[in-house]
Every structure is written in C-alpha cells, then in structure tokens.
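Please look at the sequence and the structure shown below. The paragraphs after them go from strands to a helix, then to the rings, and end with the chain as a whole.

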Amino acid sequence: MSAPANPLLSPVSMGDFRAPNRVFMAPLTRSRSKQPGDIPWEMNAEYYAQRAPSGLIIAEATQVSPQGKGYAYTPGIHSEEQVAGWRLVTDAVHAAGGRIALQLWHVGRISHVDLQPDGQRPVAPTSARAKSKTYTSHESGMLDVSEPRALETSEVPGIVEQFRHGAEMAKAAGFDGVEIHGANGYLLDQFTRDGVNTRDDEWGGSVDNRTRLGVEVAEAVVGVWGEGRVGYRVSPYNTFNDLEDSDPRTTFVRLSERLGGLGLAFLHVVERPIDGSEPTPEAAAGLVEIRDAFKGSGGSGYVANCGYTPESGAEAIASGHADAIAYGKLFISNPDLPERLRRGGPFAEWNRDTFYGGTHEGYTDQPALSEPVWNP
C-alpha cells in the first residue's frame with residue numbers, strides 16, 4: 001500500500017492564484033540588490049528562478065518609495081530601473097514554471113536618517129522612537145533607528161498613493177500579484193497598533209481608525225490588481241521592532257474582517273513571536289478568530305507562517321487550520337523544497353552568516369536534489 005499523499009503537495013486556489021502545491025515561499029530580506037539604485041539584477045533572478053517549484057513565491061519586502069526604505073541594499077519598486085530589474089526576476093521565474101508576487105513595503109519609523117531622502121527623519125504615526133536597530137551600510141554595522149516625525153493628517157493619504165504606485169509598478173514588472181506588508185512593526189502595523197499609534201485624528205484612536213490606513217491601502221491596491229491578486233500580511237502576536245497592542249485579538253479580528261470584506265486572495269499570518277516560541281493558548285485562540293473573521297467576511301485563503309516544520313505544516317493543512325504554509329529558512333537552503341517534501345527529505349541546513357548581503361554564497365549555490373546536498 002502506498003503512503004498517503006502529503007497534504008502540502010495538493011493544489012490550492014486562493015482568489016485568482018492557482019498554485020500546484022501549498023508550499024509557499026515566505027518573503028525573505030536578503031539585501032542583495034544592485035547599487036546604486038536598489039535595483040534587482042541577474043543574481044536575484046537566478047535565486048528566485050531556482051525556487052520556482054514553490055506554490056507561490058512571495059518576493060522579499062520591497063520599498064514603495066525612497067521614504068519607505070529602512071535597510072541598506074534592499075530593493076525598491078518606485079523607479080523605472082527597478083521595474084526593469086524586477087522584470088528580469090519575473091521572466092526567469094515564469095520561464096521556470098513558477099508564480100511570484102511582490103511584497104509592498106514601507107518601514108515607517110524603522111529607518112535611519114542616512115537612508116532617507118535628503119537626510120530627513122523617518123515618518124510614523126507619532127514621534128515615538130522604536131527600540132530597534134537597522135544598518136545603513138556594510139561598514140556601519142547595526143545602528144539605532146532614528147527618531148521619527150509624526151505624519152501630518154494631510155500627509156497620510158500620500159502613503160496610500162505610494163502603495164498604489166508601487167502596485168502599478170509591480171504590475172509593469174510582470175508579477176502575478178502583490179502582498180501588502182502590514183506586519184513586523186513597519187508602517188502599516190505602526191498605525192494598526194495602539195502601542196505606538198496614539199493619534200487623536202481620523203487615523204488613530206478607535207480600532208476602525210487605527211486599521212483605516214491598512215484598509216485604504218488594500219482598497220487602492222485592489223483598484224490596480226483586482227481583489228483576487230492581492231494578499232495582506234499581519235503579525236498579531238509578534239512584538240518585533242518594539243511594537244505591541246493592548247488587545248491584539250480585538251484589533252486584528254477587526255482588521256481581518258475588514259480585509260476579508262474586500263475579497264482579498266489571502267491573509268498571511270506570522271503566527272509566533274519573534275523568538276519562535278509557541279503561541280500562548282490565548283494567542284492560539286485569537287489566531288483562529290482572525291482566520292475565521294477573514295474567511296467568514298469574504299476573504300479567500302489563510303497562509304500560516306513562522307516556525308513550521310515539514311511535519312507541522314502538513315498537520316496544519318490536514319486539520320484545516322491553514323490553506324498554505326509559507327516557509328522561510330527552509331527555502332533558503334532547499335530551493336526545491338516541494339520535491340524534498342515529496343521524498344521525505346533530506347533537508348539541507350541553512351547558514352545564518354550568509355542571510356544578509358554578500359555574493360552567491362548562501363544565496364544561489366544551494367543545490368537541488370539532483371546535485372550533491374550542500375553542507376555548510
């Protein structure tokens with residue numbers, strides 16, 4: 001008798017996305033764009049094409065404007081040169097039979113004046129400085145982020161426009177869709193949570209006001225792509241980048257309900273704290289409510305992320321908890337991850353020293369199973 005099929009390897013539809021498996025590639029910052037200009041190039045195209053067996057590649061966080069930049073060597077999607085660079089990537093992925101969406105990103109206060117246009121202060125909902133770090137160059141090392149300035153009420157619609165423009169540029173670059181980065185303490189997350197958003201205008205205060213920016217960004221992006229090609233990422237119980245909420249369950253259930261009402265293709269949820277520990281019973285129950293609020297109000301798929309193993313990912317699909325699993329580090333060292341899952345391994349180990357910046361080492365030199373298994 002043959003072994004039961006791995007549920008991770010079954011096809012899935014989310015909105016207009018048709019994926020041959022449920023093994024999604026999570027967005028992974030690797031800081032390898034060409035300089036100057038934060039432009040994707042041939043090495044990035046090779047890296048992503050190697051991972052085309054993914055059900056859906058969600059490409060790395062990509063700044064929608066120069067103001068949205070928070071880390072050196074990360075790519076953008078606001079210039080014609082960047083569009084041309086990303087076109088190299090999407091063409092390579094499609095030629096290899098894959099599907100790829102771009103994650104649209106504005107870091108907000110998680111930045112440094114050295115990375116901002118004309119050395120200006122980063123922007124945020126308020127002027128509260130994050131207890132977090134970034135880096136501006138290989139030489140600088142990790143630096144404390146700069147003190148931000150609070151966006152004026154009249155400026156906030158301009159953020160929506162930055163995301164809308166980024167969505168248009170992503171379409172011109174040949175992507176199959178986009179994901180809006182509303183997680184991990186970056187700008188949309190900063191507006192969503194009351195740990196930093198203490199505004200008293202229409203962009204702060206009540207849950208509906210705090211979730212308004214994320215929803216208006218999603219509406220604008222849907223206007224470019226259609227709801228079936230747009231996802232949204234959240235991290236309700238993750239305090240990364242010094243960001244908390246007094247009642248994440250209520251906040252993110254309401255946000256998910258509003259996003260589901262737009263008919264988005266998927267909600268992508270970072271389910272664990274930044275240290276990778278298991279969710280508390282309260283958080284686990286909250287995640288179920290968030291999932292059900294999104295899908296119950298019209299959203300299509302639920303993508304689970306953070307800390308999943310091949311075994312726990314299969315269990316999450318089989319139980320109906322998730323529709324797909326987004327794997328990160330496993331995809332760094334196993335470009336053919338779906339095939340390895342089909343065979344039951346082996347799974348190559350990643351080398352953390354090569355995660356950020358650098359050359360091909362630890363980036364495009366990870367062999368598929370037809371080649372010798374890489375051993376760092």
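Start with phenylalanine 266, whose bridge partner in strand S13 is glycine 301. Strands are DSSP runs of E with at least two residues, helices are runs of H or I with at least four, and both are numbered from the N terminus. Five bridges join S12 to S13 (residues 301–305), and these two strands run parallel. Two strands count as paired if DSSP finds at least two bridges between them. Between S12 and S13 the chain crosses through helix H8 (residues 281–296), and this β-α-β crossover is right-handed. Right-handed means that, with the strands pointing away from the viewer, the path from the first strand over the helix to the second runs clockwise.

The model is predicted: local features need pLDDT of at least 70 and side-chain atom pairs 80 or more, while totals for chains, interfaces and linings use all residues. Residues are numbered from 1 along each chain as its sequence is written, and side-chain values use heavy atoms, with hydrogens and water left out.

S12 also pairs with strand S11 (residues 230–234), in the parallel sense over four bridges. Here arginine 233 has histidine 268 of S12 as its bridge partner. S11, helix H7 (residues 248–261) and S12 make another β-α-β unit, which is right-handed.

How many residues of S12 (residues 266–270) are buried? Five of its five residues are, where buried means under 20% relative accessible area, exposed over 50% and partly exposed in between (1.4 Å probe, protein chains only). In a regular strand the side chains alternate between the two faces of the sheet. In S12 both faces are covered, with Phe266, His268 and Val270 on one side and Leu267 and Val269 on the other.

Next comes helix H6 (residues 212–225). Its 14 residues should span 20 Å at 1.5 Å a residue, and its end C-alpha atoms are 20 Å apart, which agrees; the expected span is 1.5 Å times one less than the number of residues. Of the 14 residues of H6, 10 are buried, so the helix is largely enclosed by the rest of the structure. Among the buried residues are Leu213, Val217 and Trp225. Glycine 226 follows H6 and has a positive phi, near 85°.

Arginine 212 has its charged end over the ring of tryptophan 203, 4.0 Å from the ring centre. For this, NZ of Lys or CZ of Arg must be within 6 Å of the ring centre and within 35 degrees of the ring normal. Arginine 272 does likewise over the ring of tyrosine 308, at 4.8 Å from its centre.

The whole structure holds 10 aromatic pairs. Rings of Phe, Tyr and Trp (its six-membered ring) pair if their centres lie within 6.5 Å; planes under 30 degrees apart count as stacked, over 60 as edge-to-face and the rest as tilted. Tyrosine 47 and tyrosine 363 are stacked, 4.0 Å centre to centre with 10° between the planes. Tyrosine 47 lies in helix H1 (residues 42–50) and tyrosine 363 in the segment after helix H11 (337–343), so this pair ties together parts that are 316 residues apart in sequence.

As a whole, the protein chain has 11 helices and 14 strands. Of its 376 residues, 58% count as buried. Its C-alpha trace spans about 65 × 45 × 35 Å along the principal axes.
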